[in-house]
Number of protein chains: 4
Amino acid sequence: MVFAVSKTSSGREYKVRDISQADFGRLEIELAEVEMPGLVSCRSEFGPSQPLSGARITGSLHMTIQTAVLIETLTALGAEVRWCSCNIFSTQDHAAAAIARDSASVFAWKGETLEEYWWCTEKALDWGPGGGPDLVVDDGGDATLLIHEGLNAEEEYERSGKLPDPASAGENAEFRIVLGILREGLLADPKRYRMMKGRLVGVSEETTSGVKRLYQMQANGTLLFPAVNVNDSVSKSKFDNLYGCRHSLPDGLMRATDVMIAGKIAVVCGYGDVGKGCAAALKQAGARVIVTEIDPICALQALMEGIPVLTLEDVVSEADIFVTTTGSKDIIMVHHMKKMKNNAIVCNIGHFDNEIDMHGLETYPGMKRITIKPQTDRWLFPETNHGIIVLAEGRLMNLGCATGHPSFVMSCSFTNQVIAQLELWNERGTGKYEKKVYVLPKHLDEKVAALHLGKLGAKLTKLTPAQAAYISVPVEGPYKPPHYRY
Amino acid sequence: MVFAVSKTSSGREYKVRDISQADFGRLEIELAEVEMPGLVSCRSEFGPSQPLSGARITGSLHMTIQTAVLIETLTALGAEVRWCSCNIFSTQDHAAAAIARDSASVFAWKGETLEEYWWCTEKALDWGPGGGPDLVVDDGGDATLLIHEGLNAEEEYERSGKLPDPASAGENAEFRIVLGILREGLLADPKRYRMMKGRLVGVSEETTSGVKRLYQMQANGTLLFPAVNVNDSVSKSKFDNLYGCRHSLPDGLMRATDVMIAGKIAVVCGYGDVGKGCAAALKQAGARVIVTEIDPICALQALMEGIPVLTLEDVVSEADIFVTTTGSKDIIMVHHMKKMKNNAIVCNIGHFDNEIDMHGLETYPGMKRITIKPQTDRWLFPETNHGIIVLAEGRLMNLGCATGHPSFVMSCSFTNQVIAQLELWNERGTGKYEKKVYVLPKHLDEKVAALHLGKLGAKLTKLTPAQAAYISVPVEGPYKPPHYRY
Amino acid sequence: MVFAVSKTSSGREYKVRDISQADFGRLEIELAEVEMPGLVSCRSEFGPSQPLSGARITGSLHMTIQTAVLIETLTALGAEVRWCSCNIFSTQDHAAAAIARDSASVFAWKGETLEEYWWCTEKALDWGPGGGPDLVVDDGGDATLLIHEGLNAEEEYERSGKLPDPASAGENAEFRIVLGILREGLLADPKRYRMMKGRLVGVSEETTSGVKRLYQMQANGTLLFPAVNVNDSVSKSKFDNLYGCRHSLPDGLMRATDVMIAGKIAVVCGYGDVGKGCAAALKQAGARVIVTEIDPICALQALMEGIPVLTLEDVVSEADIFVTTTGSKDIIMVHHMKKMKNNAIVCNIGHFDNEIDMHGLETYPGMKRITIKPQTDRWLFPETNHGIIVLAEGRLMNLGCATGHPSFVMSCSFTNQVIAQLELWNERGTGKYEKKVYVLPKHLDEKVAALHLGKLGAKLTKLTPAQAAYISVPVEGPYKPPHYRY
Amino acid sequence: MVFAVSKTSSGREYKVRDISQADFGRLEIELAEVEMPGLVSCRSEFGPSQPLSGARITGSLHMTIQTAVLIETLTALGAEVRWCSCNIFSTQDHAAAAIARDSASVFAWKGETLEEYWWCTEKALDWGPGGGPDLVVDDGGDATLLIHEGLNAEEEYERSGKLPDPASAGENAEFRIVLGILREGLLADPKRYRMMKGRLVGVSEETTSGVKRLYQMQANGTLLFPAVNVNDSVSKSKFDNLYGCRHSLPDGLMRATDVMIAGKIAVVCGYGDVGKGCAAALKQAGARVIVTEIDPICALQALMEGIPVLTLEDVVSEADIFVTTTGSKDIIMVHHMKKMKNNAIVCNIGHFDNEIDMHGLETYPGMKRITIKPQTDRWLFPETNHGIIVLAEGRLMNLGCATGHPSFVMSCSFTNQVIAQLELWNERGTGKYEKKVYVLPKHLDEKVAALHLGKLGAKLTKLTPAQAAYISVPVEGPYKPPHYRY
């Protein structure tokens with residue numbers, strides 16, 4: 001796949017939907033900055049010393065207004081940036097336009113095909129002949145995956161002369177595309193990913209699903225570079241995953257369907273941080289919420305909040321709204337959807353799109369798909385003429401149907417990202433970080449939170465030295481042992 | 001003002017934004033029908049006997065998808081319908097298109113000027129030479145006002161030869177337009193409104209603000225025809241006003257600004273049904289809510305829910321979000337807005353647009369208005385360079401910035417409308433209704449509620465005759481005395 | 001039944017559990033006064049003019065600490081008072097002791113038999129040879145009932161010489177006792193109730209159940225004197241019934257059973273004001289709440305709050321906690337209780353004790369009753385050896401197992417009582433009040449609420465004259481039309 | 001101090017308030033068993049093999065009904081048990097009586113003096129000449145402290161001949177008593193604690209404050225035996241600390257003061273698990289909650305829940321209710337209390353009694369203490385004649401003024417205790433556990449939660465092998481990485 005790439009007057013490459021939306025994007029970026037005190041504070045604290053000067057950063061993370069503020073924080077600290085989205089529906093085109101015009105190379109638009117998606121990812125990693133990026137900001141691990149798979153392919157090719165075979169991906173349509181892209185790339189430049197690996201200092205990963213992949217690679221010994229697990233900063237996962245979803249789940253439901261949530265029965269599959277946020281939002285809006293869980297501890301938490309824990313089978317024909325948040329796969333299958341009420345709403349807010357059986361829907365004999373509007377489809381079962389409404393084609397509905405998490409909570413997450421990037425870059429020659437997965441130290445985690453208090457008018461209490469001694473913590477923190485759960 | 005009016009192939013008039021959106025509108029109307037069991041039930045109960053056959057109905061009520069289902073219920077019962085919106089921003093253009101194409105004359109589009117707005121209202125009342133409508137569905141009372149003012153003008157003109165003088169409206173820009181329209185109309189046909197009055201059977205009024213006007217006219221003895229106060233059906237005001245706003249306020253905030261509600265300080269001016277819904281929504285989303293009230297009873301209700309009651313002055317410089325719900329006027333003035341934090345959000349969800357001092361903003365020396373996107377403006381005070389964000393130009397933000405209340409709750413309201421229209425029409429010759437304001441009897445109110453239970457899986461308990469006797473109610477209801485407050 | 005009646009040194013009669021608890025009672029009364037700003041304000045506003053001077057008031061209302069503050073407000077305004085409780089379990093003995101020692105004649109103790117209960121009621125009405133009270137404060141209408149039945153009996157006796165026949169009450173054990181008492185009384189003084197009627201100015205009634213009786217008497221034309229329906233003051237029923245129960249239901253459950261509410265399934269029978277308060281409390285504590293309702297409007301309200309509406313039969317074998325709030329009778333029958341889970345908790349918070357089928361339990365063959373502690377009994381079904389736990393023998397559990405509603409909310413209710421008593425007394429010679437049921441005018445209702453705002457730090461907004469004119473209300477209120485539902 | 005110790009007919013020692021309350025205690029224990037499925041399940045799973053046979057267990061943990069079920073689970077598994085309470089006010093005398101009569105040696109009563117308290121602790125550790133207990137169940141670490149201090153004293157005495165000097169404790173009145181007891185004990189038997197240490201296999205510690213002490217000892221290298229940190233089992237701290245307090249805080253407030261929580265301003269000092277539970281309870285009851293925090297992460301959590309974070313100084317003169325939950329010391333000092341509103345309520349729900357400055361109150365010149373009832377005191381400042389109400393003399397108010405956490409949540413905690421005791425005992429000879437602090441492995445934590453699901457009707461979803469592989473967990477769990485925060 002070859003796309004024409006545009007260039008700004010200064011020569012920066014981009015491909016976005018409509019560069020003329022840059023002014024609109026800029027206006028919303030300016031509004032967002034007021035809501036993102038952590039990032040703005042990074043600019044004033046670190047900007048003068050330009051600590052990221054010389055660093056090339058590739059980002060693969062939803063190209064939204066909030067991400068635009070992140071990108072411009074990285075550039076304000078001296079970095080050069082190339083960016084793509086990590087989801088085909090999550091780009092906000094006006095945000096992409098503003099960044100492309102003003103700050104960084106962007107390859108992203110709302111409603112990419114999967115081929116386009118991976119083309120964008122490859123483009124964001126392609127820094128030209130000098131090798132790839134120094135640092136990667138990843139969300140879900142697709143940039144990291146492409147690098148690892150690219151390296152595998154190059155080594156295999158060198159060993160055996162075999163090119164990647166898309167057919168080997170079987171039913172996994174997306175991986176077929178990845179292999180195709182790698183095949184083409186290999187023919188063009190058989191050392192690209194090895195050059196990339198040589199240069200790359202590390203990655204900071206945004207989300208649960210990407211972190212899971214990193215720990216698997218660490219366990220397998222295949223991780224190529226240090227990784228910072230940003231997701232498990234408390235100031236990320238206990239805020240973004242929980243309060244972000246509490247905000248953006250109903251937002252997505254409302255924008256996509258205008259359905260009244262009050263009075264409805266809603267099933268939330270999974271009661272982790274994301275599920276907790278979703279369940280809270282639905283309950284508060286007046287729905288009767290039911291949770292499905294595999295983990296007895298999370299199940300008992302739901303029960304203590306007055307939420308019954310049942311299996312999907314128990315409730316599939318009674319519920320009105322279904323949300324998957326598990327991070328696992330094959331949660332709502334076509335045989336479930338067939339039993340649902342007419343116009344039941346089915347959506348996913350987990351990172352990957354394999355929680356809902358879209359393949360089963362697409363291949364169901366006689367199935368009719370009626371697109372109400374983009375990212376809102378009614379799938380009509382031929383036997384019953386009952387339809388179900390699937391949002392964002394089973395992908396992240398809050399980003400596909402609305403605008404994702406709001407700025408304030410993303411400021412918490414992205415301040416962790418900035419700090420992680422700084423840490424990786426500052427320690428690039430010191431050997432401090434091995435090819436392992438790291439979490440930021442607690443004092444930085446507390447710092448991120450602290451940067452967000454003033455905006456909300458909060459005042460912290462100061463420990464006296466006597467109190468600090470009594471509870472055995474430094475006066476300035478960190479205040480909790482590592483195992484503390486908040 | 002003269003607009004070209006389009007006609008369908010069957011000769012029905014309309015003026016909408018884009019008739020090609022009719023298919024999209026139809027899809028959403030079909031979804032909405034599944035959520036509006038009261039209206040669908042009216043169709044099946046009354047449709048066969050065509051009770052509204054021969055009735056001409058003019059509606060002035062937000063031209064949304066939900067209203068489309070109302071209109072098509074009225075036509076399914078035999079009525080002929082002309083419709084306009086009751087707010088310049090509330091029309092959903094695809095809904096208007098579908099109705100214009102398929103069912104009724106529509107004069108409405110999102111983003112009318114005030115001149116266009118009153119032109120549409122007049123057009124919806126204009127049934128040609130045979131006089132006006134038999135029945136009016138009104139929301140806020142603008143159609144009713146136009147008829148009353150029109151009649152006044154005609155009588156004054158006959159008496160004194162004086163035409164309405166727009167200049168007499170002083171600073172009231174909107175009333176200046178009304179007078180202008182009446183002046184033009186009077187020149188064209190000096191008996192139009194008297195003919196209309198002669199034919200008109202009655203009006204059913206949707207909302208608190210319109211009802212207030214009706215009671216004032218009843219008190220003054222100027223009411224021209226019977227009116228049904230639909231707003232004060234319990235199944236309307238205790239649901240639409242309360243739960244509708246609980247849903248659509250955050251929806252409007254999110255679509256307009258994407259602001260994170262959690263952690264913010266939000267001021268709700270007024271704690272009536274609308275204010276209660278707004279405060280509940282904001283609180284549940286994690287805001288710290290403060291209420292302003294004039295009524296000590298409502299104030300004490302807020303306190304019992306953990307919400308402080310203060311004056312606007314007390315909190316104007318600390319809060320992040322301001323919502324007016326009072327039904328009164330001059331609530332948030334420009335001198336208040338000047339003291340607000342940068343990017344404070346100011347919006348109104350009361351029926352009329354005089355709660356927020358838009359005139360004060362517009363005429364403030366040096367004020368700069370930056371339109372972020374339609375219905376979302378940032379107003380920049382020159383002294384401080386601080387901006388405030390005003391939604392929907394001070395008009396109903398849930399309809400201007402989002403899609404209004406969801407279908408299910410509107411089904412409750414609109415089923416009351418259908419019943420009111422039926423009652424007025426059925427009793428048109430009986431003298432049952434005088435030129436007064438009536439509320440629907442409680443058994444009909446209970447019926448409306450009952451029609452909405454099945455969709456939510458509810459099962460009522462049946463009184464035994466012994467129990468019914470013990471509490472002195474009929475087994476089949478009504479179950480409560482008139483003064484019962486729910 | 002004859003009890004020895006004690007006398008204070010000043011000659012005031014009383015019969016309480018233990019006069020030595022008066023000091024303890026006084027301490028709690030003093031704490032309560034700080035929480036009852038409405039009553040304290042009545043003392044300072046009206047006390048100096050002694051408006052109740054000369055008035056004899058009989059009260060039949062739970063003899064609690066809060067009631068003590070009411071009684072001493074009445075005496076501070078000049079009244080002479082005799083008091084009994086309106087429930088066999090609701091007296092707080094230390095409150096009774098303090099009042100008996102310091103302020104009024106009291107005949108009440110916690111754990112009366114029914115015979116003792118009616119003896120106390122008669123005693124509270126017995127002002128000696130000069131006739132009965134001038135005014136009655138009633139709660140549930142038992143004092144009113146005794147007067148009406150007494151008069152009936154006297155008239156029947158005069159007419160036919162027939163004495164009341166306890167056997168005629170059939171299975172109604174309590175009415176058998178009433179007839180027995182009237183029979184004895186009639187033999188002692190055959191004109192007592194006619195003298196009482198002659199003197200009596202009116203009654204103010206506290207609760208829904210008593211009000212229902214009054215409206216029935218009004219409808220039948222048998223009401224003997226004017227009655228003020230205090231219950232339907234907004235500042236009473238929308239606060240005491242709702243927020244009072246939200247507080248005292250979990251209090252009663254905890255004190256009686258220490259059961260963890262979180263995670264449990266709780267059934268609330270009835271979703272009026274009391275049911276709404278109970279459901280809210282249980283939901284907030286983490287229970288899954290189910291409501292049973294006969295009224296479709298109340299049912300739809302429950303649904304909008306996320307609470308399913310089912311029949312008792314649907315859930316009887318799954319739920320853990322059952323609460324009756326209907327004001328009707330025969331709600332939870334022994335055949336229901338037999339199907340419940342082991343140790344299901346069954347309780348009533350409605351005024352009368354006929355919502356739960358205690359008679360069915362008591363007469364069930366082989367039933368075993370195990371008293372865990374006073375007002376907490378386990379009833380063991382012989383077939384299953386499963387027990388259910390019944391609180392307060394089916395009577396008001398919040399008063400039987402805890403201390404009833406807290407002071408602040410009772411201050412709202414009781415300030416209405418004081419105002420009602422003042423109104424009846426002030427207008428005793430004017431003919432303003434007929435033998436009908438009246439609600440206090442809205443400006444007094446608003447005043448009661450206003451008296452409670454300062455304690456909670458609230459500040460009201462003042463209408464400008466222009467705003468007041470615009471919404472057609474006086475600047476000083478009342479602010480709402482009579483039909484307004486809050 | 002020497003108390004007469006009673007003996008059962010079987011020769012078991014005890015000292016309780018009133019052995020005749022044993023029947024009442026037994027009834028409540030039987031009710032509690034139905035609510036404690038984890039403990040009951042331990043009895044049926046492990047009882048037959050008598051795994052604790054031969055083990056002597058000393059417990060120092062609130063002697064409540066729930067603890068009674070724990071004790072009888074330990075004895076059902078074969079252990080011999082001696083018990084004391086870990087708080088002077090927390091014993092339920094009927095629970096102590098039932099256990100003393102039926103199952104174990106108990107030395108505990110509600111309202112011990114500090115001397116009595118430490119006498120009881122020593123008594124519970126005193127198993128006679130054969131040495132001390134094999135295992136300790138500790139709550140707050142007082143038994144552990146006594147053993148460590150006892151050993152220190154013996155070693156010092158052997159080294160230098162010096163006896164513990166109570167005067168050396170300075171102002172710490174409680175430690176003075178400890179030293180006094182050790183002094184007496186040393187004179188009687190100078191090797192007691194060394195014998196105890198020799199025998200002791202380990203301790204399982206219940207609460208945050210005790211765990212903090214253990215980690216300090218581990219860090220100092222002074223820990224004498226292995227310790228299991230039961231507190232940090234997720235199924236303990238995320239349930240007992242959070243949901244237990246959510247239940248028992250309002251319970252304690254209501255029983256002690258009957259205050260209406262709705263409408264009040266409540267300050268919660270500390271927003272850890274306990275603080276989160278307290279804040280949730282108060283908010284749900286209608287209070288306006290304010291949190292004080294030192295930790296920016298916890299502070300940001302409060303803000304996201306709509307709770308402002310301020311300092312105590314900011315709000316001390318406006319709030320009505322103050323609750324300390326910090327685990328630190330010197331939180332509410334007498335100079336704070338002096339500024340509070342009349343009848344402000346001050347209480348502590350943290351483990352130790354040094355959060356509220358009771359010493360400051362007691363020594364304030366002219367202070368007057370009025371005991372309303374046991375554990376509810378009004379302290380009157382002489383300057384203002386304003387009083388504040390202090391609950392449980394600054395000790396755990398939920399146990400001092402109510403009955404502590406409810407059975408169900410304690411079943412989670414205590415099942416962890418049983419498992420911890422089993423683990424320590426089973427591994428006593430294996431060297432698996434060093435003199436360190438251990439947390440139970442996650443699969444046992446999950447097991448504890450799982451044992452509590454059935455009672456609440458929950459059904460878990462089962463992972464398929466493919467799903468388990470995809471998310472890299474075993475089908476049967478554990479399901480989460482160690483750092484997961486729930």
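Visitor: Where is D:Glu355 found in chain D?

Guide: In this predicted model, D:Glu355 is found in the loop between strand S12 (344-348) and helix H15 (358-362) of chain D.

Visitor: What makes D:Glu355 a buried residue with no salt bridge?

Guide: Buried means under 20% relative accessible area, and D:Glu355 is classed as buried. A salt bridge needs a side-chain nitrogen of Lys or Arg within 4 Å of a carboxyl oxygen of Asp or Glu.

Visitor: Which polar contact joins the side chain of D:Glu355 to another side chain?

Guide: The partner is D:Thr326, at 2.8 Å. The cut-off for a polar contact is 3.5 Å. The side chain of D:Glu355 also reaches the backbone nitrogen of D:Gly327 at 2.7 Å. Leaving aside neighbours within four places in sequence, D:Glu355 is in contact with several residues, including D:Ser328, D:Lys329, D:Ile332 and D:Asn348.

Visitor: Why is the pair D:Arg192 and D:Glu122 called a salt bridge?

Guide: The closest N and O atoms of D:Arg192 and D:Glu122 are 2.9 Å apart, and the rule asks for a nitrogen and an oxygen within 4 Å. The pair therefore qualifies. D:Arg192 lies in helix H8 (residues 192-199) and D:Glu122 in helix H5 (residues 114-125) of chain D, so the bridge ties together parts that are 70 residues apart in sequence. D:Arg192 is buried, and so is D:Glu122.

Visitor: What makes A:Glu393 and A:Arg369 a salt bridge?

Guide: Their closest N and O atoms are 3.2 Å apart, against a limit of 4 Å. A:Glu393 lies in the loop between strand S15 (387-391) and helix H16 (397-400), and A:Arg369 in strand S13 (residues 368-373) of chain A, so the pair ties together parts 24 residues apart in sequence.

Visitor: Why are A:Glu393 and A:Arg369 called partly exposed?

Guide: Buried means under 20% and exposed over 50%, with partly exposed in between. A:Glu393 has a relative accessible area of 27%, so the term is partly exposed. A:Arg369, at 39%, counts as partly exposed too.

Visitor: Which side chains of chain C meet in a salt bridge at 3.2 Å?

Guide: They are C:Arg369 and C:Glu393. C:Arg369 is partly exposed at 38%, and C:Glu393 is partly exposed at 28%. Over all chains, the rule counts 128 salt bridges.

Visitor: How do you know how chain D and chain A are related?

Guide: Chain D can be laid on chain A with an RMSD of 0.0 Å by a turn of 180° and a shift of 0.0 Å along the axis. Of the residues of chain D, D:Arg485 comes closest to that axis, at 2.2 Å for its C-alpha. The same surface serves both copies, since 100% of the contact residues of chain D recur in chain A.

Visitor: What makes up the interface of chain D and chain A?

Guide: The contact takes 66 residues from chain D and 66 residues from chain A. About 6200 Å² is buried between them, of which carbon and sulfur atoms give 61%. In chain D, D:Ile294, D:Tyr470 and D:Arg485 lose the most area to chain A, together 14% of what that side buries.

Visitor: How many salt bridges cross between chain D and chain A?

Guide: The rule finds six. One of the bridges joins D:Glu305 to A:Arg246, with the closest N and O atoms 3.5 Å apart, inside the 4 Å limit. There are also 26 residue pairs in polar contact between chain D and chain A. Helix H12 of chain D gives the most to the side that touches chain A, with eight residues.

Visitor: Why are chain C and chain A described by a two-fold axis?

Guide: Chain C can be laid on chain A with an RMSD of 0.1 Å by a turn of 180° and a shift of 0.0 Å along the axis. The two copies are thus related as by a two-fold rotation axis. In chain C, the C-alpha nearest the axis is that of C:Arg288, 4.7 Å from it.

Conventions:
Residues numbered from 1 in each chain as written. Chains lettered and ligands numbered in written order. Predicted model: local features only at pLDDT ≥ 70, side-chain atom pairs only at ≥ 80, totals over all residues. Heavy atoms only, no water. Least-squares fit on C-alpha atoms with pLDDT ≥ 70 in both. Helix = DSSP H or I, 4+ residues; strand = E, 2+ residues; numbered from the N terminus. Buried < 20%, exposed > 50% of the residue type's maximum accessible area, 1.4 Å probe, protein only. Lys, Arg positive; Asp, Glu negative; His and termini not counted. Polar contact = N/O pair within 3.5 Å; in protein donor to acceptor, adjacent residues only side chain to side chain. Contact = heavy atoms within 4.5 Å. Buried area = accessible area lost by both parts, 1.4 Å probe.
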